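User: I would like to learn how to read cavities and aromatic contacts in a protein model. Please take them in turn.

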Amino acid sequence: MSGQIYVGYWIDWSYGPISGARLTIPSETAGFLIAFIAIFSGWVGTAVWNLVAFTVHQWRCTVQPRDGLYHQLQSALCNNTTHISFAITASRIGYAWRNHATQALGRAGALSSVAVMIGVLFAATGTFSARIASSNGSVLLTGTTCGFPAGIAALGLDSVALTLGESMQSGVTLTLSNAYAQDCYVNPVSGNSSIQYLVSGDATTCTGYARPSLGYNVTTGVACPFEEACSVDASQVLQLDTGFLDSNDDLGINQPFENRVLFRRLTTCSPLQTAGFSDNKFSHIAGYEYLGNVSTYAYGRNSYQPTRFAFTQPVPYSNTTFLYTQNTYTASETAYYLMIATTMQHGSSGPVFTPIPDISPDPRRPMSLIFLANRAFYQDSVDDAWFNASRPLNRSANRGTLSTYYLSDYPGSVLGCIEQAQICTADMQNCTHLDDWHTWKGFLSYYTGIDEANLTAIGLNDIQKTTALMIQEAALSGLVWNIIDQLGPKALLASSYLSQQEFFYSPALPNTQWQREVANWFSIGLAQLQRSLAVSHRRPIAPILQQYWQNFPANATAIRSFCDSQKVHDARFTTFNVLGLGIALSLGLLILICGHGAPFFVPKIQRKFASRRQQRSIPRDQWIASHHLHLQRMVFQLTGQGSWSGEEDSVPVTAHREMLEPLPLFIEKSNPDGDLLPYQSRTIQPMQHWEQRDVLKSPAIESAETRSTSEER
């Protein structure tokens, strides 16, 4: 995509000033931020589990004696810092106790399911995290090369250099737009009378613009706009309508609502009758008698007569639109030869084509006629109004095999299109007239002056006017007549059916081929609109235009606003949702504080309130006693090691520099009365008098009873 990408903070006005806050950075740098977000999410997940485990542990606490399974699960809740480790530990505990405790698997499984649910929840929130960063999201073009060909207006609109430069620029972009349309737009024609066509194509190809494609409606059977030249069959009229495209949401011109405009393009096409408008006569032009029969088509005066021969004298036919000879056809060396006439192409004296009243009472209507000379050999007859071919011909092909082919019934056929467009305010309260395209001057419209009365009349501000002018200029390059003029036979889908070995041979075409062609041109025009806006007023490729190129000054507020507002997609950059990033970091930080702080501060609060009531907090005592550091402390005390303090703190400690021996796997008891003796040897002895009990008291209660017995003694 042409133009430099803006790196930094900006607002995507499709979502408003808050939700639309964006941060764009190169993808290489974004990888570090994405990695941090992933690590941070892991920390948050651990904190959430700590909070859940603490809550569940406290909820399960009781002063009643419980079996060993209960106590081990309580210990697991206290000492497993992640939901995964707890789920594994709880499953192992439940399996080990399956024959030693009531409903062991179900009790352990219930707690394991809580941990699994938290894991699933965090996996689901991954979709939210993915929306924070988009590696191919919207980015802004900086418009650093946004300018215009200063001084080129002095060359004049009819300058050969200007014409060639403009043609080169338009031809290159139309070729690219044609390829894009084939990949990313659906060909609309089918048997339905009204169908809507939106995006299709390869997802990796169709991601450069604000929208992969611009949707439009296709309707058949509408009123024919060509008066006496209309076909008698009303179904032979095709209308394509984009509806109102938003300059921001659809065309990617990033502006708040008050600076947006709406653009609509409406094209109505139909094959035209040639009977009564065509003639076939022998050439009497001096020096060109060898041309033989000349076919003329008189729909209006065409001052730019596109023939293969440069006549030195004016063509002696009034109102001649197209002039065709068999030699013209032969010289073209192609199966399909196209000529155009349009009211939207202007010379020094005005439009090059002026239609006769029989086809258009208003000569200013935005009309284009396309002449097709069809020399293809079809394998079967073609019943299409523009490509009609039912004249059989036996011809030798494919290594001498005699086959029957079908040729066009007429020397040429004509298709007419009315191309309309309008600009509206964002609230759709005011719009220009659909036929106002005759006031749109094309490439130099902004620089040589344009009648802005139609834009001023609908109440557009300066930024809206500039946006409207740029949309108009981009749209003009995608009109049907310009597509045909620049691409020639390559603009026809029918050309893709031609045999590579025998260039003029083709399979039969469907009877809706002309409708497919029109829809394809319309799609190319919309793709051209997207491309032209994306590269609008960036440094062109045509040397004549580069020679006069000058960037817009910084004080040209309206045009600079447009230059710096084009949204595209570029995989080399990553765009972050600032609001989502802020919410994720803020909420994550809060969860981190709560998850790691609750097990530390809540016991202190419980102790404070319990001391006021001169009671002990059983949940607090059990949480502390279940911690692995306190379980270890109690085992050391049972073996007679250490002078411990901090029994009610998070971390118990011994006297300064006091040394402890490693703990044994078993603790020896010497008599059945349960009296504990100091640890004497590191030799592990089997427990001989350990009484098996199904119900155990919590460590905190055991410790309290031990202290009570000592006091009685």
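User: Which classes of residue make up the lining of the largest cavity?

Analyst: A lining can be sorted into nonpolar, polar and charged residues. In this predicted model, the largest cavity is lined by five nonpolar, two polar and two charged residues. The lining consists of Tyr209, Ala210, Asp250, Leu251, Gln530, Leu533, Gln566, Lys567 and Val568. Two elements, α12 (513-534) and β26 (567-569), each give two or more residues to that lining.

User: How many cavities of 30 Å³ or more does the search find?

Analyst: The search of the whole structure finds one. The largest cavity holds about 40 Å³ of space.

User: How many aromatic pairs are there, and which type is the pair of Tyr180 and Tyr209?

Analyst: Planes over 60 degrees apart count as edge-to-face, and planes under 30 as stacked. The structure has 16 aromatic pairs. Tyr180 and Tyr209 lie 5.1 Å centre to centre with 65° between the planes, an edge-to-face pair. Tyr180 belongs to helix α6 (residues 160-184) and Tyr209 to the loop between β6 (194-197) and β7 (216-220), so the pair ties together parts 29 residues apart in sequence. Both Tyr180 and Tyr209 are buried.

User: Why is the pair of Phe277 and Tyr299 stacked?

Analyst: Their planes are at 15°, with ring centres 5.1 Å apart, so the pair counts as stacked. Phe277 is buried at 10% relative accessibility, and Tyr299 is buried at 0%.

User: Where does the charged end of Arg98 sit?

Analyst: It sits over the ring of Tyr95, 3.9 Å from the ring centre. Arg264 lies over the face of Phe244, at 5.8 Å from the ring centre.

Note on methods. Residues are numbered from 1 along each chain as its sequence is written. This is a predicted model: local features need pLDDT of at least 70, side-chain atom pairs count only at pLDDT 80 or more; totals for chains, interfaces and linings use all residues. Side-chain values use heavy atoms; hydrogens and water are left out. On a 1 Å grid over the protein atoms alone, a cavity is a set of points where a 1.4 Å probe fits but cannot get out, and a pocket is an open set with protein on both sides within 12 Å along at least five of seven lines; lining residues have an atom within 4 Å of a point. Grid points are joined across faces, edges and corners, and a volume is the space filled by probe spheres set on the points. Helices (H or I, at least four residues) and strands (E, at least two) are DSSP runs, numbered from the N terminus. Rings of Phe, Tyr and Trp (its six-membered ring) pair if their centres lie within 6.5 Å; planes under 30 degrees apart count as stacked, over 60 as edge-to-face and the rest as tilted. Buried means under 20% relative accessible area, exposed over 50%, partly exposed in between (1.4 Å probe, protein chains only). A charge sits over a ring if NZ of Lys or CZ of Arg is within 6 Å of the ring centre and within 35 degrees of the ring normal.
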